[in-house]
Amino acid sequence: MEPIGRKDFGEDFHWGVSVSAYQIEGGWNSDGKGPSIWDAFVRKPGKVYHRETGDIACDFYHRYLEDIRLLKDLHIPCFRFSFSWPRLIPRGRGETNPKGVDFYHQVIDACLAMGIEPWVTLYHWDLPLALEEAYGGWTNRQILDDFLRYVEFCAQEYGKKVKYWMVMNEPLAFTALGYLLGIHAPGKRGFKNFMPAVHHVALAQAEGIRLLKQALPKGVVGTTFSTSPTFPYRERNLNDLAAARRYDAVLNRLFVEPLLGRGYPVDALPSLKEVFQRYAQKGDEERLIARPDFLGIQNYTREVIKHHGLVPWIKGRPIPPKRRKVPHQAMGWEVYPESLFLALRQFAQYDPTLPLIVTENGYAAEGETTHDPERIAYLSQAIKQVHKAQQAGVLVKGYFVWTFMDNFEWAEGYRPQFGIVYVERRTLERKPKESAYWYRDFLAGKVTIE
Ligand code: BGC
C-alpha cells in the first residue's frame, strides 16, 4: 500500500487534539467557580487512585495562553475543549459567574487570534454539585430545564465566535460509570439510578442539539459517543454471540439510536423497554430525535465478550486482553487500532450522508516522559484506519487525538498518561513528547504513514 499523508484525507478534513475542563483546568474554586460532582467525588476516600484530584490538574485555568501557544507551535489546527458548567453558572441555574464567562472568552479569543479553530463540548461530566444535591442530577427530569438554560446561555454568549459545538461527551460512559457502577462521580449505583439517567441524558442530547441549531444557524452542531466494537470470545458459540450483541447494544447503540429515530435498542436488550415505561412522558419519542450536523466517534479499543449467566441483566463479561494474551496499554485496554475502522463503519450504516468526526482516540502509557514510540505506533495505525474507512466510503471528516497533555484521568488519577505533551507533575512544566513532533510533522506533510 502507498504511504498515507495528511493530504490523502482531503482539504476539508479537521485535525486536532481534545481535552476536557475538569481534567486540565484546575482552579477548582477560583474566581467564583461553583463545585462540581467531581470536586466532591475526589474528596471521598477510596474513589480515586492515590486520592489524586483535579484541584490543580494542569492549571490550564492560569496557563491557557502558554498552552494555546504550544498548540500553535505544533501547528495543530483544531482544539476541542469543554466548558465547565459550574464555572459559568456556579449553582447550575440562576446567576452566572462573570469571571468564568470571561475565562472562556479569553480561551476562545486566544485560539482565534492564533488561527486555531475552537471546538466546544458543553458537557464533559462536571455537573454542578448544587443540582446533584437539590434533586439528584441526571436521575431527575428537572435537569432538562437547567441543562437547556445552560446550553442557551452558552449559545448566546459564545455563538458569534464558536462554530463547532458538541452537546455531550460520551453519555454511556458517564451514565454507566457514574450512575450504574458508582466508579465515577456522583458514585451512584444500580438500575434505579442508571435507567432514569439514561433517559434524561438522551433527551438532553437531542434537545440540546435542537436548541443550538435553532440559536446558531451557521453553527456546526454534533454530539459524541464512546464506541467499542464487540466480538464473541468463542467465535461460533451462540451464547457468546448473543452476549456480544447485548454488549453492543449498550456500548455502541444505546444513545445514538434514539437520537436518530430508532428508539432504544430493545431488540437486543428487551429490558430496556422499562426505560420508557417508567421514565418517559407523552411526546418523548419525538423529543429524543434530532438531526445533528455530525456524530463524534470516540474509540480506544474493542471488547471481546463471553457469555456468563450469573452476571445480571447483560449475562456476559468482557475477557481482558491479559487473559487473551494480546497487547494492552496502561488502562488495561487491548491495543487494537482496527477497532476505529469498525466503529466508523458501524456508525456510518445509520445514515451514510451524516458526517462522522473522530473526536477522541489515543494511547495510555505509564511512567513516561517524552520518549513515546508506542504512542506514535498506535496513532499512526489508528489514523490509517480512518483512511481505510474513507476508502470504504465512510464520510469521516475529522480526527482528534486524546489528548493534548497528560492530565487527570478520572478514577485513575494521573497514573495513565494519554498526552502528546508531557506535564511534569511537580512543576507543571510542559514538554512535547516525540509523538507531538511526529503529529506536527505529519500535519505538515513531512512524514507519512506506512
Ligand atoms: C473520555 C475522556 C477520557 C478518555 C480516556 C474518554 O472516555 O472522554 O475524558 O480521559 O476517554 O479514558
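Predicted model: local features only at pLDDT ≥ 70, side-chain atom pairs only at ≥ 80, totals over all residues.
Biologist: Which residues surround the ligand?

Modeller: A residue is taken to be near a molecule if its C-beta atom, placed from the backbone, lies within 6 Å of it. Here the ligand is surrounded by Ser20, Gln23, Asn169, Glu170, Ala173, Ser226, Gln298, Glu360, Trp402, Glu409 and Phe418. By class, this shell has three nonpolar, five polar and three charged residues, where Ala, Val, Leu, Ile, Met, Phe, Trp, Tyr, Cys and Pro count as nonpolar, Asp, Glu, Lys and Arg as charged, and the others, Gly among them, as polar.

Biologist: How should I read the strands, and which of them pair with S4?

Modeller: Helices (H or I, at least four residues) and strands (E, at least two) are DSSP runs numbered from the N terminus, and two strands pair if DSSP finds at least two bridges between them. Strand S4, residues 164-168, pairs in the parallel sense with strand S3, residues 117-123, over four bridges, and also in the parallel sense with strand S5, residues 220-227, over three bridges. Trp165 of S4 stands opposite Val120, and Trp165 also stands opposite Val221 in S5. S5 in turn pairs in the parallel sense with strand S7, residues 294-299, over six bridges, with Phe225 opposite Ile297 in S7.

Biologist: Are S4 and S5 mostly covered or mostly exposed?

Modeller: A residue is buried if 20 or more other C-beta atoms lie within 10 Å of its own, exposed if 12 or fewer, and partly exposed in between, with C-beta atoms placed from the backbone. By that rule S4 is mostly covered, with five of its five residues buried, and S5 is mostly covered as well, with seven of its eight residues buried.

Biologist: Which residues touch the most other members of the largest nonpolar core?

Modeller: In soluble globular proteins, nonpolar side chains tend to be buried together. A nonpolar core is a set of buried Ala, Val, Leu, Ile, Met, Phe, Trp, Tyr and Cys residues joined through C-beta atoms within 7 Å. The largest one here has 135 residues, of which Phe79, Val120, Ile297, Leu344 and Leu356 touch the most other members. The largest share of this core, 12 residues, comes from helix H9, residues 191-215.

Biologist: Where is Ala206, and why does Ala206 count as buried?

Modeller: Ala206 is placed in helix H9, and Ala206 counts as buried because it has 25 C-beta neighbours inside 10 Å. Contact is a separate idea, meaning that the C-beta atoms of two residues, placed from the backbone, lie within 7 Å. Leaving aside neighbours within four places in sequence, Ala206 is in contact with Leu259, Arg287, Leu288, Ile289 and Ala290.

Biologist: Which residues of helix H17 are buried, and how are they arranged?

Modeller: An α-helix has 3.6 residues a turn, so residues three or four places apart point the same way. In H17, residues 434-443, the buried residues are Ser435, Ala436, Trp438, Tyr439 and Phe442. Seen down the axis of H17, these buried residues fall within an arc of 160° (taken from the directions from the helix axis to the C-beta atoms), so they line one face of the helix. Among the elements that cover them are helix H16 (373-391) and strand S11 (396-402).

Biologist: Which peptide bonds are cis, and what is the omega of each?

Modeller: A cis peptide bond joins Ala185 and Pro186, with omega about 5°, and Pro186 is found in the loop between helix H8 (171-180) and H9. The bond from Trp402 to Thr403 is also cis, with omega near 10°, and Thr403 lies in the loop between S11 and S12.

Biologist: Where do Trp125 and Trp410 lie, and what are their phi values?

Modeller: Trp125, in the loop between S3 and helix H6 (129-135), has a positive phi of about 85° although it is not a glycine. Trp410 is in the loop between S11 and S12, and its phi, near 50°, is likewise positive.

Methods:
Residues numbered from 1 in each chain as written.
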